[in-house]
Structures are given as C-alpha cells and as structure tokens.
Amino acid sequence: MASSHIALLLLPGSRPPLSRFRGGPVRCANERQALFSRIAPVYDNLNDLLSLGQHRIWKRMAVSWSGAKEGDCVLDLCCGSGDLAFLLSEKVGSSGKVKGLDFSSEQLAVAVSRQYMLSKSCYKNIEWIEGNAVDLPFSNCFFDAITIGFGLRNVLDRYKAMEEVYRVLKPGSTVSVLDFNKSDHEVITTFREWMIDNVVVPVASGYGLAKEYQFLKSSIRGFLTGKELEEIALAAGFSSAKHYEICGGLLGNLVATR
Ligand SMILES: C[S@@+](CC[C@H](N)C(=O)[O-])C[C@H]1O[C@@H](n2cnc3c(N)ncnc32)[C@H](O)[C@@H]1O
C-alpha cells in the first residue's frame, strides 16, 4: 500500500500502525531523558556553533508558522532550554501566557536561569513545566498555538504526542513542528550524514559528548518523512497538515491546524 494512502484509510480517532511512528534505536524514554540531561549544560553553545547561529532563524520561522499572536496562551512542547518559548513570549507579550514543557529537569533548569539572566519583562509570562509529551497536564482546547522544536523526533510514541497536541489545541489553532528533514534525496542525506560524522560529532567530542551526538544520525534516520508527518497529523485528527522543507531540504517544518 502506498504510504500516502494510509491516513485516508483510518477512521477519525483510530490508531495508525504504531511501528511506523515510533522513534529510533534508543528505545527507552528514560535513556532519552538521561541523554538530554547530560547535554543540557552545553546544548545552547553547541547549537550556535554547529548551526553557525542559523537555528535562531529557523526557530523564528517556526514561531511565525504557529500563528501565535499578542495575548495568546501558547505551549512550547519539548522546550529544552527554552529558545522557542522565549520567542513565543515576545510574540504573545505580557498579556499572553507561555508554557514550556520538557521531561528533562536539567534542560528546564537552564531555561529558568536564562529567564532570570535575560530579564526581559515579557519573559515573566513563561511557566516551565516538567512533564511528558505523551501525557500533557492541560485540559482540552487550552492553547491558541503550539510549537515543537527538534522534539517530536525524540519522543518515543509520536502518534500519542500528536494526539495530545491535538487535544490541547483550540479548534482552528495550529501546531508548528520544526525538525531535521528526513529527505528522500540521496544527496541531502549523504551531505547531512557526512556533516554529522565529520563536523558535529568531532565538535561534540570536544565537550565529551561524542556518543550523545552520534545518536543524531540514527534518530534522523528513524524519523518520519515530511509526507509521513502530514499523515500522522491527519490521523491524529488535524484538519490540515503541510510540511515545508527549509535550509535546502536539511530541515523541515510541519504546520498542522486543528
Ligand atoms: C533536541 S532538544 C530540543 C530543545 C528545544 N526545543 C530547541 O529547539 O532547542 C529535544 C528536547 O525534547 C525533550 N523531550 C524528548 N522527549 C520528550 C518527552 N517525551 N516529553 C517531554 N520532553 C521530551 C528533551 O528533554 C529535549 O530537551
């Protein structure tokens, strides 16, 4: 069966074949939590170094795609050290509210200290929550917009996470999912893997984190293509889903509206 047809055959709310939407070789959520906690102290520096600062632009695009606006109540899921939450905070302003949720307390500790250090007055509208993307501690139809930056790929049950995102979004509202793009193009895949082996891992090994960043290669391989991301969103109930390739196809952004 052509994969693009799978979502169409699902009844609303029915569960797609889960193995298609489960993630990579690190099978246990605790292992992933430990991995992100280990990299927390240097995560921001490495992002700047490895993307030459470009991740700031991609994150601004992701926030813009979420449709968040002044006064909104929004969620940054898998917020890590809070980059997207801070951008959302500037978008929704002091009259809005931002929740940043992550399951790594070490990442959240970095987010909290950045919130104090940056001391922008609108950042007071951010609340950090330790929690799991597959079991969100919010009531139905709670948020006006949601972002997920480099997070869904790392969640073991991505379908459940998308169902949760759908549940907590208000009707007509949008989730914007930024991540590496699992491209169909051989050249892009070869270039990306060459970069990971020859740039990312050697740089990370300078911080004693070679193994942690080697995981990136298999986690992108085990991720979903743009088409599959659209399918998973539609299967979870979203009324529209479109995946945009950015940065020459190295990254992608899913925009799904409830
Ligand atoms: C690569 S980091 C991205 C952080 C941030 N969004 C950014 O763009 O810089 C992925 C984050 O997802 C979090 N994460 C992974 N699985 C999760 C889950 N099931 N529930 C909550 N957070 C999760 C990790 O702890 C980590 O902080």
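Q: Hi! Which way do β5 and strand β7 pair, and over how many bridges?
A: Hello! In this predicted model, β5 and strand β7 (residues 251-257) pair in the antiparallel sense, over seven bridges.

Q: Who stands opposite Val177 there?
A: That would be Leu254 in β7.

Q: And what about strand β4 and strand β5, how do they run?
A: Strand β4 (residues 143-149) and strand β5 (residues 169-180) run parallel, joined by six bridges.

Q: Which helix goes with β4 and β5 in a β-α-β unit?
A: Helix α7, residues 158-168. Together with β4 and β5 it makes a right-handed β-α-β unit.

Q: Let me step back for a second. How many helices and strands are in the chain?
A: The chain has 10 helices and seven strands.

Q: And how much of the chain counts as buried?
A: Of its 258 residues, 44% count as buried. As for contacts with a separation of 6 or more, 73% of them are between residues 24 or more positions apart.

Q: OK, on to strand β1. Why is it largely enclosed?
A: Because four of the five residues of strand β1 (residues 73-77) are buried, the rest of the structure largely encloses it.

Q: Which strands is β1 joined to?
A: Strand β2 (residues 97-102) is one of them, running parallel to β1 with five bridges between them. Leu75, for example, has Lys99 as its bridge partner in β2. The chain gets from β1 to β2 through α5, and that β-α-β crossover is right-handed. β1 also runs parallel to β4, with four bridges joining the two. There, the bridge partner of Leu77 is Ile148.

Q: You mentioned α5. Is that helix enclosed or open, and why?
A: Largely enclosed by the rest of the structure, because nine of its 10 residues are buried. Among the buried ones are Asp83, Phe86, Leu88 and Lys91.

Q: What do those buried residues pack against?
A: Quite a list: α4 (55-66), β1, β2, α6 (105-118), β3 (126-130) and β4.

Q: What follows α5?
A: Gly93, and its phi is positive, near 70°.

Q: Which residues other than glycine have a positive phi?
A: Cys78 is one, with phi near 60°. Cys247 is another, at about 55°.

Q: Where do I find those two, and are they buried or partly exposed?
A: Cys78 lies in the loop between β1 and α5. Cys78 has 25 other C-beta atoms within 10 Å, so it is buried. Cys247 is in the loop between β6 (240-246) and β7. Cys247 counts as partly exposed because it has 16 C-beta neighbours inside 10 Å.

Q: Changing topic: what surrounds the ligand?
A: There are 20 residues around the ligand, and the closest are Phe36, Cys78, Gly80, Ser104 and Gly149.

Q: Which element gives the most?
A: α2 does, with three residues.

Q: Now the nonpolar core. Which residues touch the most other members of the largest one?
A: Those are Val74, Leu77, Leu88, Ile146, Val165 and Ala233, out of 67 residues in that core.

Q: Take Val74. What is it in contact with, leaving aside neighbours within four places in sequence?
A: Its contacts include Ala68, Leu88, Val92, Val98, Phe143 and Ile146. Leu88 and Val92 are also among the buried residues of α5.

Q: Last one: where is Arg114, and what does it touch?
A: Arg114 is in helix α6. Not counting residues up to four places away in sequence, Arg114 touches Ser81 and Gly82. Arg114 and Phe86 are 28 residues apart along the chain, and their C-alpha atoms are separated by 9.5 Å.

Q: And is Arg114 buried or partly exposed?
A: Partly exposed, because Arg114 has 17 C-beta neighbours inside 10 Å, and a residue needs 20 or more to be buried.

Methods
Residues numbered from 1 in each chain as written. Predicted model: local features only at pLDDT ≥ 70, side-chain atom pairs only at ≥ 80, totals over all residues. Core = buried A, V, L, I, M, F, W, Y, C linked by C-beta atoms within 7 Å. Buried ≥ 20, exposed ≤ 12 C-beta atoms within 10 Å, placed from the backbone. Contact = placed C-beta atoms within 7 Å. Near = placed C-beta within 6 Å. Pairing = 2+ DSSP bridges. Right-handed = clockwise from strand over helix to strand, strands pointing away.
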